[in-house]
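Notebook open. I want to look up how the two chains meet and what surrounds the ligand.

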Amino acid sequence: MAILLTIQEKQDEIVSEFEVFDDWMEKYEYLIDLGKDLPLIQEELKTEERLIEGCQSRVWLNADFNDGKMQFSADSEAIITKGIIGLLIRVLNDEHPETILKTDLKFISDIGLQEHLSPTRANGLNGMIKKMKMEALKYIQH
Amino acid sequence: MTEIIKKPFNVREIREEFPALRQEIYGKNLIYFDNGATSQKPQIVLNAINKFYSKENANIHRGVHFMSQKATTEFEEARKQIQHFINARKAEEIIFTKGTTDGINLVASSYGELLTAGDEILITAMEHHSNIVPWQMLCQRKGLILRVAPINFKGELIIEEFDKLLSKKTKLLAITHISNTLGTINPVKELTQKAHAVGAKVLLDGAQSIQHMKIDVKDLDCDFYVFSSHKLFGPTGIGVLYGKEDLLDRMPPYQGGGDMISRVTFEHTSYNELPFKFEAGTPHIAGGICLGTSVGFLNSIDLDGAQKHEAELTKYAEHLLDTFEGLHIIGEAKNKTSVISFTVDGIHPFDIGTLLDKQGIAVRTGHHCTQPLMDFYKIPGTTRASFAFYNTKEEIDLFVEALEKSINMLK
Ligand SMILES: Cc1ncc(COP(=O)(O)O)c(C=O)c1O
């Protein structure tokens with residue numbers, strides 16, 4: 001059985017993975033690999049409501065709620081975008097909505113992602129985080 | 001008139017004039033291939049900006065004092081330089097605007113006032129949003145009809161279809177001289193003749209032509225020609241609307257305010273003469289003067305040689321890109337400038353742009369403010385490399401190498 005990591009441990013894990021790389025080309029290479037492993041949203045779920053605003057390429061996100069925890073799947077036309085949302089999903093998947101809402105996604109600044117994204121992509125990243133938190137919020141009242 | 005003999009164009013020497021080209025991005029020498037979006041500025045323009053604000057800053061057209069008079073003279077001298085640069089008949093035909101978009105909006109608002117319901121405006125399928133939206137807004141306001149001349153897959157205007165859309169109802173042909181996305185050079189002189197034959201006026205969007213070819217508005221015979229300084233190696237925030245004097249005279253003012261009036265009472269205001277009628281408020285004084293500096297700079301170099309160099313760069317890059325599997329050049333008009341838009345099968349342009357950026361190469365990705373054109377090609381966007389005369393073959397080699405690396409990573 002896989003050991004369950006806490007949300008903080010998952011973030012720390014990502015930070016140490018990125019520390020290995022010397023330059024941003026390598027980091028992007030890694031993001032592209034992550035993009036290829038993204039838990040993909042089903043084609044029929046790629047609807048207007050699941051589109052995330054503020055991205056230069058289209059990004060869809062689906063959220064499910066099972067046994068008190070959130071599960072996400074997503075897709076994008078751009079592979080680097082898929083890698084970025086893949087990172088977010090890795091951290092936020094299988095967490096309680098309450099945890100998702102109160103977690104500070106510190107790994108983003110720790111790996112310097114925000115600063116290394118173009119303004120349009122940084123905007124898209126904020127849109128993704130907002131959408132994931134909004135989805136979590138829906139299940140808080142239940 | 002005697003032609004001044006200019007030193008033959010030399011790209012190494014030209015590059016020396018542009019400090020922005022000498023910098024590293026992520027530890028790599030910058031390769032600037034986003035000249036379609038905006039151009040870099042030569043040192044002489046940077047010096048002029050610094051000099052104006054350090055020593056000469058004053059408001060114009062209204063001062064008794066030395067500095068105001070000097071600034072006024074320089075601003076009006078710049079207007080004359082621009083007049084000669086595009087071969088307009090008079091300096092009064094040169095209206096300072098904020099840029100291409102502003103110039104088109106001016107014409108849409110002001111010339112638009114002379115039009116009535118049912119009149120038609122003809123544009124093309126390759127227009128920038130700036131040459132679409134102002135006309136749509138005008139059409140809505142005045143009940144006019146917007147017609148769109150189609151293009152073929154190579155990115156050329158279909159002349160037979162254009163001819164069919166042109167009629168006695170057409171009051172204005174508003175067309176881009178060169179497409180910012182495809183590089184297509186439209187046969188605007190011939191199209192202008194056709195438009196004039198049915199009594200329509202012609203506006204040329206010169207945003208992408210002013211920096212790539214000799215513009216002679218008398219020879220083109222267009223009624224309006226608009227461009228932005230920032231794409232012509234000058235400052236941002238300033239541009240030019242050229243208009244034929246008799247037409248500008250007949251048009252109502254665009255904005256009201258200082259400078260554009262001759263006499264104001266609360267009952268009645270009479271307007272100033274050209275060009276001031278269309279220049280309400282304090283203009284971008286430093287911008288106008290330094291655009292003049294940029295024009296002076298261009299006059300001092302061998303532009304024929306520079307254009308030949310640009311054409312060589314384009315041919316060279318296209319030749320190298322041809323060998324890429326799954327790469328499609330969007331825009332293959334017979335007559336085109338130094339713009340190369342392309343798509344790569346299975347790869348989003350945004351990903352290519354991101355990886356090129358990390359290798360020090362600035363290109364543009366996306367729809368390039370031509371969404372209807374993207375719809376026509378059924379693509380979300382392209383990657384666009386656009387060259388200026390200061391770019392080199394070595395830069396293209398590095399670009400092609402970086403592109404190959406990026407594509408391999410993304411496949
Ligand atoms: C063909 C064309 N028209 C209009 C514009 C708008 O120019 P500006 O943003 O300087 O007003 C551009 C610039 O992107 C252009 O390429």
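I started with the area: chain A and chain B bury about 1400 Å² between them, 65% of it on carbon and sulfur atoms (buried area is the accessible area, 1.4 Å probe, that two parts lose on being put together, summed over both). On the chain A side, A:M25, A:Q56 and A:R121 lose the most area to chain B, together 41% of what that side buries.

A note on the source: this is a predicted model, where local features need pLDDT of at least 70, side-chain atom pairs count only at pLDDT 80 or more, and totals for chains, interfaces and linings use all residues. Residues are numbered from 1 along each chain as its sequence is written, chains are lettered from A and ligands numbered from 1 in the order written, and side-chain values use heavy atoms, leaving out hydrogens and water.

Next I counted residues in contact (heavy atoms within 4.5 Å): 17 come from chain A and 14 from chain B.

I looked for salt bridges between chain A and chain B and found zero (the rule wants a side-chain nitrogen of Lys or Arg within 4 Å of a carboxyl oxygen of Asp or Glu).

Then I turned to the ligand. Its surroundings (residues with a heavy atom within 4 Å) include B:T100, B:H128, B:D205 and B:S228. I checked some distances: an oxygen atom of the ligand is 2.7 Å from an N or O atom in the side chain of B:Q208, and one is 2.8 Å from such an atom of B:H230. For B:K231, a polar side-chain atom lies 2.7 Å from a ligand oxygen.

Note on methods:
Polar contact = N/O pair within 3.5 Å; in protein donor to acceptor, adjacent residues only side chain to side chain.
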